[in-house]
There are 2 protein chains.
Amino acid sequence: MDAFINNLSVDCVIFGFSNKTLNVLLTKRELKDPDSGMVLFTDFTVQGHHVYKGENINDAASRVLKDKTGFENIFLEQFYTFGDTDRVLKERDQLWIKKKYPMISDHVISVGYCSLVDSSILMPDTSHQDTVWFPIDELPELGFDHAKMIAMALDFLRNKLRHEPIGFELLPEKFTLSEMQSLYEVILGKSIDRRNFSKKVAQMKFIIPLNEKQKGVAHRAAQVYIFSKDVYERTKKDKLILSY
Amino acid sequence: MDAFINNLSVDCVIFGFSNKTLNVLLTKRELKDPDSGMVLFTDFTVQGHHVYKGENINDAASRVLKDKTGFENIFLEQFYTFGDTDRVLKERDQLWIKKKYPMISDHVISVGYCSLVDSSILMPDTSHQDTVWFPIDELPELGFDHAKMIAMALDFLRNKLRHEPIGFELLPEKFTLSEMQSLYEVILGKSIDRRNFSKKVAQMKFIIPLNEKQKGVAHRAAQVYIFSKDVYERTKKDKLILSY
DNA sequence: TTGCATTGCGTATTTTTTACACATCACAAA
DNA sequence: TTTGTGATGTGTAAAAAATACGCAATGCAA
């Protein structure tokens, strides 16, 4: 039997990018009255789970990520730990907990993780029908303190993007400059001049043009690039700051 | 009885600044053999304590800070949570735990906090004889995973200092430009041109010159400044980036 | 009175950021 | 085949920020 620690969980705020919008992967939470079958409430939460006994918290986050998306070895980083005593005490959260996890504590500490996936290749998995992408600016009602959690994760992502080339986790392997630019614009929340952006990218030696052009577009086909983690690791001492 | 949560603690990495060096407040840990009285080991740890039942983790960190330094309402921010399963399993750590806290778990999650105090006015308190300041580059042997913890706290501090005016927590209320500059040099680990630094500071409207000069120095007395949190809060939208 | 150490202030150069214009390409419609 | 449309690729000038550095002023001490 896999016993879990009854006061400790991990929550993964999973970001995806497709169609020029930044999305968050949420799971529907619906509680029905056991007698009448009437729906008591419906809302959404980020992907979380309790930590098992003898499990590293980082491993627990990887496990949650794999279970919910199928992805492994992708960007996954801790950003904050939520430890308020009242964070699971709202009425509907208590109803939910009592029904689903009756043995857990009233004071659950949750370690928040931020993760990035290319949501265009994440296939809807029939075993997770209740798991859906929401655009970051059209979030539904959220359970627990997950609204705050998502806000903090976004802040973390924004800061990270200015200093490290993490955006590529959100793009397909091969991408064009304007795809990359949209991503930066969406995350940073501001528009960037196309020509200046391309000059900036040209300085990043770890963004490598391929002998290949975009296909199937109704206009001039753009150059295709890949991100080389190798080159980045070798040259990262040459500091990177995107001062947008 | 104040029961604590047996698998959750907070650790405060408390930084101080005096005499142009950055210091960390550590507590001596010495275990003696109960029979022979022989010292089994001696090392140091940062200031930590378990979290009580019904206590917010941020409150727990404030409590630790107050108990160890007497300070309240000073800079105190969470920077990372340490949750490896083996983090308290080293032999000497187990010996220590079994003797001092026999009831705690083998898997302790610890939320790391970073705090800043002006160590020149922190009087040695006789009730904390085993608590001493160490220069950041002359650390003694450390228990648990506290060497890593301090390294991460320093990194956090460094990044924070580039974006927010937190350094003033480490300085006396009234300070000179060269004191401020030493602080920045020590934390950022690089030297800064005195004249350029002063131009930069002149742009920060929340650093206010007083009608007052330094006293008791054997050379030209310097202008004295204070930091105004008020002015900072009102003007913080004008972004601050110290690009050193 | 002079020497010493440190403060206060200014200017020139280099680098980075920002603003902006025009030609090119590839498909699609006429 | 020609032409229109929409996005791509490149260059240059101005503004702002960062860096390098010189020199006079101050105040105590010898």
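Predicted model: local features only at pLDDT ≥ 70, side-chain atom pairs only at ≥ 80, totals over all residues.
Residues are numbered from 1 along each chain as its sequence is written, chains are lettered from A and ligands numbered from 1 in the order in which they are written, and side-chain values use heavy atoms, with hydrogens and water left out.

**Stop 1: α3 and α4 of chain A**

Select residues 146-163 of chain A, helix α3, and residues 177-188 of chain A, helix α4. Helices here are DSSP runs (H or I, at least four residues), numbered from the N terminus. The two axes come within 9 Å and cross at roughly 135 degrees; axes are lines fitted to C-alpha atoms over the stretch in contact, and angles run from 0 to 180 degrees between N-to-C directions. α3(A) and α4(A) are therefore oblique to each other.

Now show side chains. L157(A), R158(A), L161(A) and R162(A) of α3(A) meet Y184(A), I187(A) and L188(A) of α4(A), where contact means heavy atoms within 4.5 Å. Five of the residues in this contact are nonpolar, none polar and two charged; the nonpolar class is Ala, Val, Leu, Ile, Met, Phe, Trp, Tyr, Cys and Pro, the charged class is Asp, Glu, Lys and Arg, and the others, Gly among them, are polar.

**Stop 2: α4 and α5 of chain B**

Move to α4 of chain B (residues 177-188) and α5(B), whose axes are 11 Å apart at an angle of about 100 degrees. α4(B) and α5(B) are therefore roughly perpendicular to each other. L177(B), M180(B), Q181(B) and Y184(B) of α4(B) touch R194(B), F197(B), S198(B) and V201(B) of α5(B). This contact of α4(B) with α5(B) has five nonpolar, two polar and one charged residues.

**Stop 3: DNA strand C**

Select the 18 residues around DNA strand C, each with a heavy atom within 4 Å of the strand. R195(A), R220(A), S178(B), R195(B) and R220(B) come nearest. By class, the surface has three nonpolar, six polar and nine charged residues.

Which atom of DNA strand C lies 2.7 Å from a polar side-chain atom of S178(B)? A phosphate oxygen does. For base nitrogens, pick R194(B), with a polar side-chain atom 2.9 Å from one, and N196(A), with a side-chain N or O atom 3.1 Å from one.

Conventions: Polar contact = N/O pair within 3.5 Å; in protein donor to acceptor, adjacent residues only side chain to side chain. Helix = DSSP H or I, 4+ residues; strand = E, 2+ residues; numbered from the N terminus. Parallel < 35°, antiparallel > 145°, perpendicular 65-115°, else oblique.
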